[in-house]
Amino acid sequence: MYYKRYLKERKQFGAPLAAFQITQQKLVQMMGNIQAMILVGWRLCKLYESGKMTAGRVSLGKAWITSKARETVSLGRELLGGNGILTDFLVAKAFCDLEPIHTYEGTYEINSLVAAREITGISSFKPAALTQRSRM
Ligand SMILES: Cc1cc2nc3c(=O)[nH]c(=O)nc-3n(C[C@H](O)[C@H](O)[C@H](O)COP(=O)(O)OP(=O)(O)OC[C@H]3O[C@@H](n4cnc5c(N)ncnc54)[C@H](O)[C@@H]3O)c2cc1C
């Protein structure tokens, strides 16, 4: 694994980065996020197969997964320090790949609103003040 090799090879304060507790915690958070993202995707597939998919469910999945993916890639960038923003390393590429996914085919915000509409029954796409007619 790319991160494992890098963190074991790069030494600071006389020890490989992999030996520091904060580094290990970030790695675990990344791994947990990746597993959770896979599981949410798997759950969406099952809902689709059983005919129980709804717009709100798919939007919740898309919004949540892209948000967690962003968090995960940020942690990866932190782990590599300055090298995390150089094109020579893969994290910067992952950043560039993820930002469009966070935005296209429904932005994070709009997908959140689609999911929230299904939960509450209230659409907040349009500010309430603009939908009301003036009594003046
Ligand atoms: C790599 C890439 C590929 C794309 N490919 C295609 C394609 O093939 N076909 C295509 O048609 N489009 C494509 N798009 C466009 C994409 O669908 C839009 O970028 C996206 O819908 C957001 O629209 P916008 O950029 O105009 O942002 P805006 O609509 O200007 O929104 C700006 C911000 O305001 C937020 N916002 C907007 N309205 C609300 C609201 N009611 N409540 C809360 N927040 C709100 C948005 O979520 C966003 O964060 C692509 C975009 C990217 C980045």
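## A walk through the model

Let's start with the cysteines: a search of the whole structure turns up zero disulfides, a disulfide being a pair of cysteine sulfur atoms within 2.5 Å. Cys96 is exposed, at a relative accessible area of 57%, while Cys45 is partly exposed at 45%. Here buried means under 20% relative accessible area, exposed over 50%, and partly exposed in between (1.4 Å probe, protein chains only).

Before going on, keep in mind that this is a predicted model, where local features need pLDDT of at least 70, side-chain atom pairs count only at pLDDT 80 or more, and totals for chains, interfaces and linings use all residues. Residues are numbered from 1 along each chain as its sequence is written, and side-chain values use heavy atoms, with hydrogens and water left out.

Now to the ligand. Its shell consists of Pro100, Thr103, Tyr104, Thr107, Glu109, Ile110, Leu113 and Phe125, where a residue counts as near if one of its heavy atoms lies within 4 Å. Helices are DSSP runs (H or I, at least four residues), numbered from the N terminus. By class, the shell holds five nonpolar, two polar and one charged residues; Ala, Val, Leu, Ile, Met, Phe, Trp, Tyr, Cys and Pro count as nonpolar, Asp, Glu, Lys and Arg as charged, and the others, Gly among them, as polar.

Which atoms come together here? One oxygen atom of the ligand lies 2.7 Å from an N or O atom in the side chain of Thr107, and an oxygen atom of the ligand is 2.8 Å from an N or O atom in the Glu109 side chain. A nitrogen atom of the ligand sits 2.8 Å from a polar backbone atom of Phe125. Taken alone, the ligand exposes 970 Å², of which the protein buries 32% (Shrake-Rupley method, 1.4 Å probe).

Next, look at the rings. The count comes to one aromatic pair, with ring centres within 6.5 Å as the requirement. Tyr6 and Phe89 form this pair, edge-to-face at 5.8 Å centre to centre and 85° between the planes; planes over 60 degrees apart count as edge-to-face. The pair links distant parts of the chain, 83 residues apart: Tyr6 is in helix α1 (residues 2–9), and Phe89 is in the loop between α3 (55–79) and α4 (90–103). Both Tyr6 and Phe89 are buried.

Finally, visit Ser59 in helix α3. Ser59 is buried, with a relative accessible area of 6%, and its side chain makes a 2.9 Å polar contact with the side chain of Asn111. A polar contact is a pair of N or O atoms within 3.5 Å; within protein, one must be able to donate a hydrogen and the other to accept it, and residues adjacent in sequence count only if both atoms are side-chain atoms.

Methods:
Phe/Tyr/Trp six-rings, centres within 6.5 Å; stacked < 30°, edge-to-face > 60°. Helix = DSSP H or I, 4+ residues; strand = E, 2+ residues; numbered from the N terminus.
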